[in-house]
Amino acid sequence: MASGILSFLFVYFLFIPLSEAGLKEQVFETVLPNGLKVILLENHKAPLITFQVWYRVGSRNEEWGKTGLSHMLEHMMFKGTVKVGPEEFSRIIQENGGNDNAFTSYDYTAYFENLSADRVQIALDLESDRMQNLILREEDFRTERMVVMEERRLRTEDNPQSALTEQVLATAFQIQPYRWPIIGWMEDIARFTLEDLKTYYKTYYNPVNAFLMVVGDFKKEELLPKIEKAFGSYPKGATPYQEKDKDPSQIGERRIFVKKEAQLPYLVMGYHVPNLREQDGYVLEVIAVILSGGRSSRFYQGLVREKRLVLSADADHSLLSRDPSLFYLSADLLPDKEVAEVEKALDQEMERLQKEPIGERELEKAKNQLEAAFLYGQDSLFYQAMLLAQHEISLNWGAVDDYIPSIRKVSAEDIQRVAKQYLIPDNRTVGILIPLPPKEGKPVPMEPSIKERMVR
């Protein structure tokens, strides 16, 4: 079940104070003797807590023929241990007034519980138990594998936009494992074995390859001994090798076409770009907002209102990825509009960024939008924990305090330079969906946003 970060925010919107001073002074970090990193952020505004366990393993850690193992193991983590029976994990959390779930991305697999602060011991007991004591049964595996295969059919193979985006990634990346889908290729899922999962679990689910992220109403002096008792006795395990080869610079535009049952054409462009490890990554954040950040953005005003070419157009940047990823442009065409016409309009917007210095007012507005979203998003305990954890995966959690200064540093000259360097045809992969008429009696599939980057 694929889902983006925003879907969580509406559910876990719990208010906490904002701090202009940043988070470094508020966050406590320690590493247990077995290598488990513990990251704690106290907030006493409400008697609530989000308890999260993040494993440094996602689809980027898989290999040819075994794609989708990270997501498959995530499903199996709810199948029980010696202490907790199959399907009991979530029931226990719900009986205690909380909610839980998990999600897999290219770079990580994460599990969380949101509870009343006085119930934190329940999350501690359950998560520490399944970190080392998961029971993987053949019967559970075969059933869950069928569930995952059906999930892939519904969310990707029967969804034209998802199918196109998947093919764009497979074409844009030739070496990096970002080229295969988080859920895995159907053929790989079908040939998974229980031994594959047992080996994967043993390799990646150990203290040295995980960290705890806890945000909420607790006292560090009281919670830390409980964490040490729950997790501290586990052996460290071997540290998995995490470095992956990067794709060389692209030497020409790549172009693909996908034919699927759909109502209208769809267009995606993916440009190779840096992430938060380089200042240019933050420049691209600003560019994305200039292009598609609301109704005053260039895409909305130009392509939607004035030229009336598209229902919507979007720019999206993967700042928080472990390896360099893609800057996406996408467009939902209006009926009777040609892909070539929309592509030309998008190219004109890229050329405008390169040739015309952005005005001071437009640049300031984009920075304000990013800063406001960043700060007000932290009104959510869950999102604040997510933000820290994603920075920890991508670089380190302390990098979260670099976001606003890095955004404020972006100049009009930076916008032009970065657009000229990265947002050019030779550096992109273009994907075009060619709609086919639906088969008789079959409904036209739903089409989700390109921003869905995690699988639950």
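Me: Which residue in β6 is the bridge partner of Phe-51?
Reply: This is a predicted model. In it, Val-214 of β6 is the bridge partner of Phe-51.

Me: How do you know that β3 and β6 count as paired?
Reply: Pairing needs at least two bridges. Strand β3 (residues 48-55) and strand β6 (residues 210-216) have seven bridges, in the antiparallel sense. Seven meets that cut-off, so the two strands pair.

Me: What makes β1 and β4 edge strands?
Reply: The sheet is open, with six strands in the order β1-β2-β6-β3-β5-β4 and mixed pairing. β1 (27-31) and β4 (99-104) each pair on one side only. On average, neighbouring strands of this sheet are turned by 15 degrees against each other, direction ignored.

Me: Which strands does helix α9 lie across, and at what angle does it run to β2?
Reply: α9 (residues 220-231) lies across β1, β2 (37-42), β3 and β6. It runs at about 155 degrees to β2.

Me: What lines the second largest pocket, and how much space lies in it?
Reply: The space is about 320 Å³. The lining has 17 residues; Asp-247, Ser-249, His-272, Val-273 and Asn-427 are the closest to the centre. β8 (266-273) and α16 (412-422) each supply at least two lining residues.

Me: How many residues of that lining are nonpolar, polar and charged?
Reply: Six are nonpolar, seven polar and four charged. Gly counts as polar here.

Terms used. Residues are numbered from 1 along each chain as its sequence is written. This is a predicted model: local features need pLDDT of at least 70, side-chain atom pairs count only at pLDDT 80 or more; totals for chains, interfaces and linings use all residues. Side-chain values use heavy atoms; hydrogens and water are left out. Helices (H or I, at least four residues) and strands (E, at least two) are DSSP runs, numbered from the N terminus. Axes are lines fitted to C-alpha atoms, for helices over the stretch in contact, and angles run from 0 to 180 degrees between N-to-C directions. Contact means heavy atoms within 4.5 Å. On a 1 Å grid over the protein atoms alone, a cavity is a set of points where a 1.4 Å probe fits but cannot get out, and a pocket is an open set with protein on both sides within 12 Å along at least five of seven lines; lining residues have an atom within 4 Å of a point. Grid points are joined across faces, edges and corners, and a volume is the space filled by probe spheres set on the points.
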